[in-house]
Amino acid sequence: MPEDADLRRADSPAREIFSDVAHKWALLIIEALGERTLRFSEPRNEVEGVSHRMLTRNLRMLERNGLADRKVHPTVPPRVEYTLTEPGRAPRTAVDAICGWTHQHLGPIESARGRFDA
C-alpha cells in the first residue's frame, strides 16, 4: 500500500479524505442524495437537524473530493443541484450497512446506555 493511502499515518492524504467522508453529516447527506439529483434545500429537508452552514460545508467538501457534482442553473434566483459522482455513490453500500447495523442493534445499545448512565 502506498504511504499516502495508509490511514494510520497522520500525514496521509487518505486519512484526511476518510475523516471528511466518515463525518456524520457527510454520511447522511450521501444517503439522502443516493442516486438522485437534489436542489440545495432538499437534503436539508431530508436530514433533520443539519444546519444551513453544515449542509453547505459538507456539500462543498463532497464536491472538493470529487464525490458530488454541483450544477448551477442561470436563473434568478440561481438554482443549484447536487448529484453524487461514481466515487460518491460507492460509499453508499457502507452507509446502508451502518444504517442497518444501527437499526438492528438499537435496542441493546439503548439498554447499555441506560445501565451506563444510571
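Here are some friendly questions and answers about this predicted model of a protein.

Q: Why is Gly49 called exposed?
A: Exposed means over 50% relative accessible area. Gly49 has a relative accessibility of 66%, so it counts as exposed. You will find Gly49 in the loop between helix H3 (41–46) and H4.

Q: How do you know how far Gly49 and Trp25 are from each other in space?
A: Going from C-alpha to C-alpha, Gly49 and Trp25 are 9.5 Å apart in space, and in sequence they are 24 residues apart.

Q: What makes a set of residues a nonpolar core, and which residues have the most contacts inside the largest one?
A: The residues must be buried, must be of types such as Val, Leu, Ile or Trp, and must be joined through side-chain atoms within 4.5 Å. Buried here means under 20% relative accessible area. The largest such core has 20 residues, and those with the most contacts inside it are Trp25, Ile29, Leu33, Val50, Leu59 and Leu62. Two or more residues of this core come from each of helix H2 (24–33), helix H4 (52–64) and strand E3 (79–84). H2 gives the largest share, six residues. In soluble globular proteins, nonpolar side chains tend to be buried together.

Q: What makes Trp25, Arg44 and Leu55 contacts of Val50?
A: A contact means heavy atoms within 4.5 Å. Leaving aside neighbours within four places in sequence, Val50 is in contact with these residues: Trp25, Arg44 and Leu55.

Q: How does the radius of gyration of the protein stand against that of a compact globule?
A: For a compact globule of 118 residues, the value would be near 13 Å, but the protein has 17 Å. The C-alpha trace spans about 55 × 40 × 25 Å along its principal axes.

Q: What share of the residues in the protein is called buried?
A: The cut-off is under 20% relative accessible area, and 28% of the 118 residues are buried. The protein exposes about 8,200 Å², with carbon and sulfur atoms supplying 54% of it.

Q: What makes up the secondary structure of the protein?
A: There are six helices and three strands. Along the sequence, they follow the pattern α-α-β-α-α-β-β-α-α.

Q: Where is Pro77 found, and what kind of peptide bond joins Val76 and Pro77?
A: Pro77 is in the loop between strand E2 (68–73) and E3. The bond joining Val76 and Pro77 is a cis peptide bond, with omega about -10°.

Notes: Residues numbered from 1 in each chain as written. Predicted model: local features only at pLDDT ≥ 70, side-chain atom pairs only at ≥ 80, totals over all residues. Heavy atoms only, no water. Helix = DSSP H or I, 4+ residues; strand = E, 2+ residues; numbered from the N terminus. Rg over C-alpha atoms; globule rule 2.2 N^0.38 Å. Buried < 20%, exposed > 50% of the residue type's maximum accessible area, 1.4 Å probe, protein only. Areas by Shrake-Rupley, 256 points an atom, 1.4 Å probe, with all protein chains shown as cover.
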